[in-house]
Amino acid sequence: AFKAAVLIQRWYRRYVARLEMRRRCTWRIFQSIEYACEQDQIKLHNFFSYLMDHFTPSSSKERDFISRMFISGESFKEAELEKYCDYESMEVPDSYTGPHLSFPLLPDHATALLEAFKQKQQLHARYVLNLLHETRKHLKQLPNISHVSTCYSEEVTVCGDLHGQLDDLFLIFYKNGLPSPSKSYVFNGDFVDRGKQSLEILIILFTFLLIYPKEVHLNRGNHEDHMVNLRYGFAKEVMQKYKVHGKKILKMIQNVFCWLPLATLIDQKVLIIHGGVSDTTDLDMLEKIQRNKFISVLRGKKRKESNRNVEIREVNGENNAEADPAGNEALPSLPLQPRPAQAPSMANRLEFSRWVRQTVQEQIEWCRRLVDISESEDEEPTYSSMVSLTDLDAPCWTRQEEWKQILDILWSDPMPQEGCRENKVRGGGCYFGPDVTAKILEKYNLQFLIRSHECKQEGYEFCHNRKVLTIFSASNYYEIGSNRGAYVKLGPDLVPHFVQYQANKTAHTLTMTQRQISRVEESAFRALREKLFAHTSALISAFKAYDKDNTGRITLSNWATAVESVLHLGLPWRMLRPQLVRTTADGMLEYKSWLDDLAMEQRSQERIQSSLLEVIYRNRSNLETIFRIIDRDHSGLISFEEFHQTWKLFSSHMNIELTDDGINDLVRSIDFNKDGNIDFNEFLEAFRLVKQTQ
């Protein structure tokens, strides 16, 4: 009996170990593909940023158009934005059966919204814009780092990424209770993208923020960025739900996002940021940054940085003409510090008083322009502008340094190794080690950090000697059953208490093995096969490098090395091999037939050539993002003017001379249905035709 028990125990341990190995491999596949997609987004944005920085517009019209492609949120001054998003002129028809809002908001309004969204109702565009307008006014008065105390409430609940999954938010409120004077919440960014109900989540969070401004706190995440929204679905969701007023709603949301606070401090002891920290993170700098300047954190503002250098040189009395001996057009810059006129005699008190007032006014105006405060907003000072005005003797940070601070706290991830290095997996932010965490905690007298940004199977995870806590609130993020969601509650003792959940009803019907392995593993390998198929041409070239005799066969070791050299996903390919390839008796792989099998799996019902389908699979996400970038007004169509100006940008980069008539001929050839616009299908079809021609 004893031997039998030991045998069963060994068998069970081996079985559990194999399950854990499969689970980890599945998780690694999902994360590698997700981060590779984020990396593609940043590369694409850097490419367009490079084009912008090296493009010389031939007219003010071109300059305005190119500027609006990427910094559209900045192109509106205060009064212009309110005029553009004029909700008061919109009428709510009598046939509208959804919830009604009136300001100031009351708890009953929030309850009505929750019930309406459970019934799949939609809030009228007038109320959405009004809510965004009031939210923006409130956020502008908040500091960059919010301060929360457990003295005024029983506990503080911290939630991580929600990513448009409204069911998770409903479940959190069901389990934990709605926000109230005795129940504070901190939502740690990434409210939108990926899920299908991002806008509803925003509306609910903004509503509670206005009802309970001292109890509800929102941090900015890396997905509260309009350039990221173009790729991951939020911009598309808004335009589909609000076809008439979607452009105005998106414009307001872009502007609201840039006003979201960057961090939250609980009892001066627990720092909550979305991503992480770096070895250069400076909370004092973060508190003074004008956060609204960074509409999109992806863009490093190189052009403005050069302008800033010119401004600093001029302030220091250096001649701009010497810096540009070629005589090129000078960059726009601030004037020199005004020199006060000679003081009048003290005998004439009235003249002397006027001279003092004028001199002080000139100095204040110069200081205001030096700290980059917009004149259009001076009637409503913001928290950050007041900090800047009262701290003129503080170090003058460059725009690049400020941008780096925000990028690091929104995009960084912890790592087990010591030190701090560039996060090449995501393409933005850094990896920070336990030593970096310890220095930050010691420097600012903190107990631990709470961050989100990474999906965790149990919904939360400690690292760095339990000094960094990752909390993730979107359950079933990759696939039904892939992970739990969680939130954490902190009382006055600041001891974390976790609540885990599965918001999807189907997940509760799955067995443990199905939930942890089978169903999720199947989805992961399906996504991986799509990725492999999308790189068929590059894989063939890599395989041939190992197939010197052109036999069509390579060793499994060479197969693993070649696949990693093409996909750069950092996956354990030798361990994944049994799920991906069938080998011959001698342990060799016939790679051509293997790739043919992949093509058969992915080939759609249309009779598209495998090479064409491969190109579309590999580039569809990038092409869709490019389409949405060119589609400046988010109409779902590229106008001839938008195409014309964008082609000017590309042709300048590629040194292709093309006349206006030539561009017009090109755009007409893509407009297959001759309606005067290019839709996404026509855009994709043009790439297919080019591929066929090649």
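This note sets out points on the fold, a cavity, several helices and some backbone features of a predicted model.

1. Overall composition. The chain contains 27 helices and 18 strands. Of its 694 residues, 52% are buried. Among contacts with a separation of 6 or more, 73% join residues 24 or more positions apart. The accessible surface of the chain is about 33600 Å², and carbon and sulfur atoms contribute 51% of that area.

2. Cavities. Five cavities of 30 Å³ or more are found in a search of the whole structure.

3. Tyrosine 232 belongs to helix 8 (residues 226-232). With a relative accessibility of 10%, this tyrosine is buried. Leaving out residues up to four places away in sequence, tyrosine 232 touches Cys37, Glu38, Gln41, Asp193, Arg194 and His223. The C-alpha atoms of tyrosine 232 and glutamine 41 are 9.6 Å apart, although 191 residues separate the two along the chain.

4. Alanine 235. Helix 9 (residues 234-241) contains alanine 235. This residue is buried, at 5% relative accessibility. Apart from neighbours within four places in sequence, its contacts are Asn229, Leu230 and Leu250. A distance of 8.8 Å separates its C-alpha atom from that of arginine 628, which is 393 residues away along the chain.

5. Helix 6. Helix 6 (residues 166-176) is largely enclosed by the rest of the structure, because eight of its 11 residues are buried. The buried set comprises Leu166, Asp168, Leu169, Phe170, Leu171, Ile172, Phe173 and Asn176. These residues pack against helix 4 (107-118) and helix 7 (198-211), and also against strand 2 (155-159), strand 3 (183-187), strand 13 (485-490) and strand 14 (496-501). Glycine 177 follows helix 6 and has a positive phi, near 95°.

6. Helix 22. In helix 22 (residues 573-580), the buried residues include Trp573, Leu576 and Leu580. These three lie on the same side of the helix, because they cover an arc of only 65° around the axis. In general, an α-helix has 3.6 residues a turn, so residues three or four places apart point the same way. On the face turned away from the buried side, helix 22 carries the exposed residues Arg574 and Pro578.

7. Cis peptide bond. The bond between phenylalanine 103 and proline 104 is cis, with omega about 5°. Proline 104 is located in the loop between helix 3 (78-84) and helix 4.

8. Positive phi outside glycine. Arginine 466 is not a glycine, yet its phi is positive, at about 65°. It is placed in the loop between strand 11 (460-463) and strand 12 (468-471). With a relative accessible area of 56%, arginine 466 is exposed. Histidine 568 likewise has a positive phi, near 55°. Its position is in the loop between helix 21 (556-567) and helix 22. At 61% relative accessibility, histidine 568 is exposed.

Technical notes. Residues numbered from 1 in each chain as written. Predicted model: local features only at pLDDT ≥ 70, side-chain atom pairs only at ≥ 80, totals over all residues. Heavy atoms only, no water. 1 Å grid on protein atoms, 1.4 Å probe; cavity = no way out; pocket = protein on both sides within 12 Å on 5 of 7 lines; lining within 4 Å. Points joined across faces, edges and corners; volume = space filled by probe spheres on them. Buried < 20%, exposed > 50% of the residue type's maximum accessible area, 1.4 Å probe, protein only. Helix = DSSP H or I, 4+ residues; strand = E, 2+ residues; numbered from the N terminus. Arc of directions from axis to C-beta. Contact = heavy atoms within 4.5 Å. Areas by Shrake-Rupley, 256 points an atom, 1.4 Å probe, with all protein chains shown as cover.
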